[in-house]
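Subject: Structure for your files

Hello,

Here is the structure I said I would pass on. My notes on it follow.

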Amino acid sequence: MSGELALFYLFGGAAVVASLLVIGQRNPIYSVLLLIASFGALAGLYVLLDAPFMAVTQIIVYAGAIMVLFLFVVMLLNVPAEAPIDHVELHEPQGARWLGGVLAVALLVELGWALWRVVGVDDGRPVADAGQLASVLEIGRVLFQEYAFAFEVTSILIIVAMVGAVLLTRRDSGAGS
Amino acid sequence: MIPAVVAQILLLLFVFFMLLNSASVMVYAERKIAALIQQRYGPYLVGPHGLMQPLADIIKLLFKEELRPLAADRFLFMLAPVISATAAFAAFSVVPFGADTTLFGLLEEPLPLVVADVNVAILVVFAITSMGVYGIVLAGWSSNSKYSLLGALRSSAQMISYELSYGLALGGVLVVAGSLSLREIVDAQAGTWLGVIPRWGVVTQPIGFLIFMTAGIAETNRAPFDFPEAEQELVAGYHTEYSSMSFAMFFLAEYVNMVTVSAVATDLFLGGWHGPFLPESFGWIWFLVKMSALLFFYIWVRWTLPRYRYDQLMMFGWKFLLPLAVVNLLVTAAGVLSFVG
Amino acid sequence: MATLDHYLLLSAVLFTIGTAGVFLRRNLITILLAIEIMLNAVNLTFIAYGRFLGAVDGQIIVFFVMTVAAAEAAVGLAIVIAMFRHRGSLNPEAFRTLKG
Amino acid sequence: MTGDSSMLLWIPLLPFLGFLVNAALGRRLSRGASGGVACTAILASFAVSATVSWPFLFGAPAGAVDQRLYTWIQVGDFVATFALRVDALTALMILIVTGIGSLIHIYSTAYMHEERESEYARYFSYLNLFAAFMLLLVLGANFLMMFVGWEGVGLCSYLLIGFWYTKPAASNAGKKAFIVNRIGDVGFILGVLLAFRHFGTIDFQEIAAALGPVAPDSQFGVVSLIALLLFVGATGKSAQIPLYVWLPDAMEGPTPVSALIHAATMVTAGVYLIGRNAVLFSHAPDVLVIVALVGTATALMAGTIGLVQHDIKRVLAYSTVSQLGYMFLAMGVGAFGAGIFHLYTHAFFKALLFLGSGAVIHALGGEQDMRRMGGLKHALPVTYWTFLVGALAIAGVPLLSGFFSKDEILFRAFQSGHTWLWTVGVLTSLLTATYMFRVVFLTFHGTSRAGTPAAPDVLVADGAHGPSHAGAGHAHLHDAPPAMALALLVLAVGSVAAGYVGVPHALGGDNRIEAYLAPAFGAGSSEADGVEAGTPETPGEAADEHGATLELGLMGVSVLAALGGIGLAAFFFLTRREAAARAAARFAGLHRILLNKYYVDELYDTAVVTPLVAVSRHALWRGVDAGFIDGSVNGVGTIVRQGAAALRQVQTGSVRAYAAGLLLGAVMILGYYLWR
């Protein structure tokens, strides 16, 4: 088993385990940290996929910015660990939860099935222009030439999000009540 | 003859220890310079001119009792300083500090003087530095004391705010050099104009340099931006509850971060290891000189300027530094487009 | 040599984990985290396919996904904060009443 | 010759700019300012038109100048370019429109002076807008462009007829004009669509070129149908039978408007339309006959009605209708040149007459009933003499413009073999002379009958000259103020001289205008045999001896008719006033019929309007609208309400449940695609 494959299993395993733990326990702080870990693993996978730039971006944007935001919120709200199901203050129907869980498994099965159909499309031969894939120059060119409009639009999206966030968290207008 | 792999490992260890050392050296330098600025003697008892003082400090730290608040979250409390230190060390790993060398023929193929040569090095530095925030935040939160929490929130807010200016200042240099690899950026600065003016980034990007240094000071939570550990208000902020080794790690992290920032600044703006009078193989000497100058500047600033107020800091960061950085980037880009191509 | 199938399977697994998380957790923030997991699973697919097809477009899409994720996180967390102020709880079931 | 084609756009654009200015900030402008803007705009446009048409008038009269601005519409193989074109015909038209238009603008500055600033500006903005659209109409290089102008002038005429919208009569007249025109426009549109379907283009030149080699319809074919539909449109715009009814009522508008729109320019659009498509029409002989018949009938009918009306402006209106009839007669007998010639001279003297009547009305403070006028000769010398010139011109007294053009038409009619059409034409010209001089004598001669109450048999509520004048009485019996006098004099000169561009060969003239217009009626610049069939008037043909003697003879007859008419008028209305009354009493029935305009309005009312209203009310409103549409709308409402009541159960409010639904859907869809 080649070194790359080993690395794949290492990172992939890390990502899966971390993600499982994220949804697997009740303390949001740990969930956030574990998610960061899983992102790190994904970044590693991106490097394996000849996308070092995206790997770094993943770290900077996700781990460096978005997750900090989550961490902040968790800290500011001082969110308590989830109460175990048996003594929840309000009686909540569990149907949807379990249905969702089952459906999730069903989804996994289906995805696996779909995958099994196309298995072997990639005969594993190395792509010709890995260097060109990895080059930030190329990414920049495509991003700012072919996707220029979409890029500009995202800027608007960001503005809207900012304004919305500020508006929502203003003291005087809590939850629009 | 040493095989390349071994050489690489040796280099790694070497860099690691040098960073460790740099911390203690910095401690000494800081105290001495502070003393000079304040017309004191500074440490002079331990060893000649108090040269052994850092050692004494370290020993003291090591033998202190490891305290931990009861209400603290044990795991995170332990984790936080590790994160800080790791981030600090890791960041340096992609910073080149000299031209390729064969160590006077000891190696068959030349060895690049950098732990890991990545083609997006500068972004890696950026990414890892941003990871440093977690150390502080977790420390503040996990030690479950309001001073720590406040310090942590402040410092992370500060770091996040200044990361923007930091990154944009980098942007200027990147645009000029047209590469993300620190080595290429450094090599782009080799030589001179008209034989006298060095082709350094600081010449092409003076404003960028200033922004970078300012943001760097804020990133490393140094005076005059040292809110996290503002003794007077926060009794040392996020590491209030820390002691002994774990405290030492934060301490270490802070100084290593300074070194890293200075090193990066040297590579980006001061032409790295390029300089007159010395052969390429001795370029690292130039590198050390320039870096030390910057470090001195750090200390100098710390002991000269008073601390800002928190709101002033944020004002400055968002309403002055950031716009300035943006304008600088735009102007640079325009210039490159019009002159270079 | 890790082939496309490896990555696709991995991302399928991650996506499922995210989906399950959305349903099983009873804490809005964790649910948002689960959503982030799903997004990243998709990102992985994009990049894997981009590599497989030898085009950078996959990475570009991921770029945009990240932007959207950032916006989503900002607004989502803002809503969470507002709701927490409103009800003092983060359990989605605490917000079942359809009137303010 | 494609000379300064870039200037064409400015011809309609300048008045349009004037309109914009007056419309946008008219309220803030003083009278002088808005009037000045309007006049400047139209005068500038006139200057441009002059420079553009100069080469046509005095250079080699051939070809056309195009200005293609951009492709306006392109759907499939339907292409409409936003293109302007000037050829001989258009050159003449734009000169008439801008020239007469300028004079009337100037006249209006004085005439409308009692209006409030805002009203004043509104008036001039409408006037400019009309000029812009009229110019677009005549400049348009294809049917669509022409149609824009066509509808535009219709709109402006509506706005200007109803200018004093506080007066019910005025606004009703406006509506009437608009609706009647719609009927004609339907024909126009159908004609255009059919033309496109048939020729695959709507460009005039291309159509003409396409028709060039084709032989005229032996019997009623597609081309004839197109021509007929277009002619329906023409009858609407140019007030021919059966759609003439709106024009007399249009006299509710300000008099200069009547002069400009309802005498000189707009109403001639129909004639222009036929002239513009001369080749097309000359390929549809049957339709040409119809045109001639309708024209003649209209001429006669309107003339008879005009004989007994009391409202001075209505008399002029009917005379306009009948003169238009003449033009259509000319078109009908294929004498396109003659028709346009008459259009051109008519523009002068009819505008003159209207403006003259306007001056009279102005002087009498809004009085329009001739039975309360009289003896104004000495009070209003300028008005009187100019009016007289106009009357002589229209009556066809020799050596004035009307004489030449009208005789040309009659000659062509006779020459084309429709002898009885010629007879009716002559009769009509006698009528024309009579009623015109009836007006002259009643208005200017005799003793002033000011203040005598109107006779009870005035059926039409005579439009008072605007609220501003109401009750002003005859306090100020003043002659035309300078601005008006200027316009009158210029037009008078025009009415005398305009005819000399078309002195027939019989009188040793060289019928310049016919020669000049001839190419415009051909298939563009390309040679076309169809042309000759349509336009037999080429100098060489008309100049043969036999033609000359015949023409002279006919000329004599019509001169006699004109003088006879004048004589009749003098007998009845100057010397033996009571004889007229006796005649009216003797033929009371006829008189009443004429006075009520053959009861055409009433006829239409019972035949068309009442049934239409009934159907709309009972079938459409009560049945379709209330029953079907409202019912279905309410039904939808009920369905939605009940459906919502049912679906409301699904809204548990638990986000998780919703998400589960989403996921379920995703899983099922994916599953479906996998099972397939």
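A helix here is a DSSP run of H or I with at least four residues, and helices are numbered from the N terminus. By that count, D:Leu399 sits in the loop that joins helix H16 (381-395) to helix H17 (401-415) of chain D. Please keep in mind that this is a predicted model.

D:Leu399 is not a glycine, yet its phi is positive, near 70 degrees. Is the residue buried, exposed or partly exposed? The cut-offs are 20 or more C-beta atoms within 10 Å for buried and 12 or fewer for exposed. D:Leu399 has 13 C-beta neighbours inside 10 Å, so it counts as partly exposed.

B:His49 also has a positive phi, of about 55 degrees, and is not a glycine. This residue belongs to the loop between helix H1 (4-37) and helix H2 (53-63) of chain B. Because 14 other C-beta atoms lie within 10 Å, B:His49 is partly exposed.

On the peptide bonds, the one from D:Ile241 to D:Pro242 is cis, with omega near 5 degrees. D:Pro242 lies in the loop between helix H8 (222-237) and helix H9 (246-249) of chain D. As background, most residues other than glycine have a negative phi, and most peptide bonds are trans.

Contacts of chain A

The contact between chains A and C takes 73 residues from chain A and 65 residues from chain C. On the chain A side, the elements that give two or more residues are helix H1 (3-24), helix H2 (28-48), helix H3 (52-77), helix H4 (95-118), helix H6 (136-145) and helix H7 (148-168). H3(A) supplies the largest share, 11 residues. By class, this side of chain A has 51 nonpolar, 14 polar and 8 charged residues.

Chain A also touches chain B, with 11 residues from chain A and 15 residues from chain B. Which element gives the most to the side of chain A that touches chain B? H3(A) does, with 10 residues. The side of chain A that touches chain B divides into 10 nonpolar, 1 polar and no charged residues.

A helix pair in chain B

Helix H3 (residues 74-92) and helix H10 (residues 244-269) of chain B have axes that come within 8 Å and cross at roughly 25 degrees. H3(B) is therefore roughly parallel to H10(B), and the crossing is left-handed. Residues of H3(B) in the contact include B:Pro81, B:Ala85, B:Ala88 and B:Phe92; among those they meet in H10(B) are B:Met249, B:Phe250, B:Ala253 and B:Val256. The contact of the two helices has 13 nonpolar, 4 polar and no charged residues.

Nonpolar cores

The largest nonpolar core has 217 residues, and D:Phe130, D:Ala351 and D:Leu355 touch the most other members. Helix H15 (residues 336-363) of chain D gives the most to this core, with 18 residues. Beyond its neighbours within four places in sequence, D:Leu355 is in contact with D:Tyr107, D:Pro256, D:Ala259, D:Met484, D:Ala487, D:Leu488 and D:Leu491. Apart from this core lies another, of 186 residues, with A:Phe8, A:Ala41, A:Met75 and C:Phe63 among them.

Regards

Technical notes
Residues are numbered from 1 along each chain as its sequence is written. Chains are lettered from A and ligands numbered from 1 in the order in which they are written. This is a predicted model: local features need pLDDT of at least 70, side-chain atom pairs count only at pLDDT 80 or more; totals for chains, interfaces and linings use all residues. Two residues are in contact if their C-beta atoms, placed from the backbone, lie within 7 Å. Ala, Val, Leu, Ile, Met, Phe, Trp, Tyr, Cys and Pro count as nonpolar, Asp, Glu, Lys and Arg as charged, and the others, Gly among them, as polar. A nonpolar core is a set of buried Ala, Val, Leu, Ile, Met, Phe, Trp, Tyr and Cys residues joined through C-beta atoms within 7 Å. Axes are lines fitted to C-alpha atoms, for helices over the stretch in contact, and angles run from 0 to 180 degrees between N-to-C directions. Angles under 35 degrees count as roughly parallel, over 145 as roughly antiparallel, 65 to 115 as roughly perpendicular and the rest as oblique. A crossing is left-handed if the near helix is turned anticlockwise from the far one by less than a right angle, and right-handed if clockwise.
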